[in-house]
Amino acid sequence: MFVLGIDLGSRACHAVLADGEGRIAERSFLPAAADLHATARRALESFGLRRDEIQYVAATGFGRGQVRFRDLAITEITCHARAARALLPDASCVLDIGARNARAIRTCADGRTLGFRVGDRCAAGGGRLLERAARALDLPLDEIGPVSLRAQDPVAVSSVCAVLAESEIVRHVTDGRAVEDILMGLHLSVASRAAALVRQLGADGDVALTGGVARNAGMVAALERKLGLPVRTSPDSEYAGAIGAALLALKRLRILDHDPRVRLS
Amino acid sequence: MTALKRLMADWYRDLSEGEGPVVYLPVGGNVAELPRACGFRVFFPEVNALQCALRKVAGEFILRAEEQGYSPDVCGYVKSDMGLAASGGSGPFGTIPKPDILLCTTSGCSTTLKWFEALAGIHEAPLFVLDVPSVRDGAADPHALRYVVRQVEELASVLEKIGRRKPSRDRLAETLERSRQAEDLWMEILDSARAKPSPFDAFFEAVFFMAPITVLRGTPECVEYYRAAREEVRGRVAEPERRRIVVDGPPPWPHFRAFRDLFKRWGARCVASTYVRVGGDWDEGFRHDPSRPFESMAEFAARCYTNRSLPARRAILEREIRRFDADALVIHSVRSCRPYSVGQACLRVRDVPTLFLESDLADPRHFNEGEMRTRVDAFFEVAR
Ligand code: SF4
């Protein structure tokens, strides 16, 4: 028996296949195309299974409404909360930094949400800013984290807007500032916005970092510095949305097995 | 046409075609009864801006105002109105007459004062400023009230000079009595939301039901409207509700439907809201009083919602949550309206799940439906 969790974001599509015990059997990653439904279909096909071979499909992410073969749509917030407690059980607060913005969630031990804060709509608080910075500085995205860790004297990035932040980068480059200092400055600027969300929730223990940004060691360092709290990641952090969706799909399936009258919303 | 649409259309028609001097007033804490009793036609720039937002034309007017140099951070109502003025003053509802006098109360919002100053300049009309001190935590201080009463007396003689009619004691008493009646009826309607399930939505419906008490307070039409509305609500069979929410803040007018539907999908019924009381704090027992004409108008001006301290506003929210047995609080913070939104994030109530949303009441650019939906859905998913 399999359930599918699919996280269709604005930049990427993550999907995981889980068995009846909630163990992750397979993962799939695709860049999101303009046609969100087609992307979701390709994710399904990547597992070599037909839709009717999967018992339950839960979709999450910005494009969740476009996954037409889903049984259930759940918000990213609920999914990341659930997954983070499965991946990093000791962290009572989850920070999910997505492409467009960040959200902080306080959870109870079973992964239910106690409260959440979402960053404002501007992309300056999300991973997209780092992507643009990588492009502007001519570096592969995976390298900006490690490079930033070499910073001696991070620049101050004050813009509240991703586009303006990009022009700040250009100014620092022309001022002859070191690439690593510019990068760490950017990481710290994204981190300080995210940290404000975590602080609003009154978090005081470990913070689980989820979303693609978790792979970025520079971001983890910047967050720890801004938060003064340990920031934990898991190799599966990037798949947290999809994993949470799969786990919630399984939960829903169990409820349905018990009581077929439960209504889906 | 519904009774409400007809009333609003008549209000606009009387403004563009009727006769008699015209006064411009703000919504919060105004003393509309006095000019009305002196035969003035009463116009509210805020209500007009709201109508422009609801009809989705505010966006254009706002851009027009920004072309003139108004910053993106200035209140959208103000910019909508300035854009309208720059476009010749003729909006979707006909031409708004020039004011013979503008009468601004300071208790609602300091932006309104600057707005009225600008309008006074454009129309070359006199501006009377009714300076109302803050009431902080509750009952207005007697000295403060005396200070306001003195100004209302002065205003009466100013209006007498400009208007056609002397403000006779009787006519003022009659007007105030009608205000009182409409206020009683309106409170009865809002109170009906205490029933479970509630037959009435105290936000998504009430923001429309509140129009007459805002623009026609003191007229017979206003009393009639609320009498009929009360009967209509009394006769309703309430639809089932899954959640009972209290809402703080104004709605995002340009996206009203989309916003309402986000809550409808979850079966959430609003049982109390603060926006419907921005006009006056009738729920705390205030009523206009023909036996204390000037004093009660002064008190009304002072007790306006945004003239309250944040602790006082939190106490109001806590009381409403208890009284209406609500299970969640929704705070909609609008970027335009600082008197409403500054400090609003601190109004979360202990032990009551609170959803904090941000957009705007006039500027359509500040509403992101996908983002909003994720927040609303996540909030209700928690409780599922
Ligand atoms: S700031 Fe608020 S109260 Fe003041 S004019 Fe704008 S909307 Fe009205």
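1. A quick definition to start: on a 1 Å grid over the protein atoms alone, a pocket is an open set of points where a 1.4 Å probe fits, with protein on both sides within 12 Å along at least five of seven lines, and its lining residues have an atom within 4 Å of a point. A volume is the space filled by probe spheres set on the points, which are joined across faces, edges and corners.

2. Please keep in mind that this is a predicted model, with local features needing pLDDT of at least 70 and side-chain atom pairs pLDDT 80 or more, while totals for chains, interfaces and linings use all residues. Residues are numbered from 1 along each chain, chains are lettered from A in the order written, and side-chain values use heavy atoms, without hydrogens or water.

3. Now to the second largest pocket, which holds about 1,000 Å³ of space. Its lining has 36 residues, and F116(A), R117(A), L201(A), R348(B) and T354(B) lie nearest the centre.

4. On to the interface: 19 residues of chain A are in contact (heavy atoms within 4.5 Å) with 15 of chain B. One salt bridge (a side-chain nitrogen of Lys or Arg within 4 Å of a carboxyl oxygen of Asp or Glu) is found across it. R64(A) forms a salt bridge with D377(B), with 3.8 Å between the closest N and O atoms. On the side of chain A that touches chain B, strand 8 of chain A gives the most, with four residues.

Conventions. Helix = DSSP H or I, 4+ residues; strand = E, 2+ residues; numbered from the N terminus.
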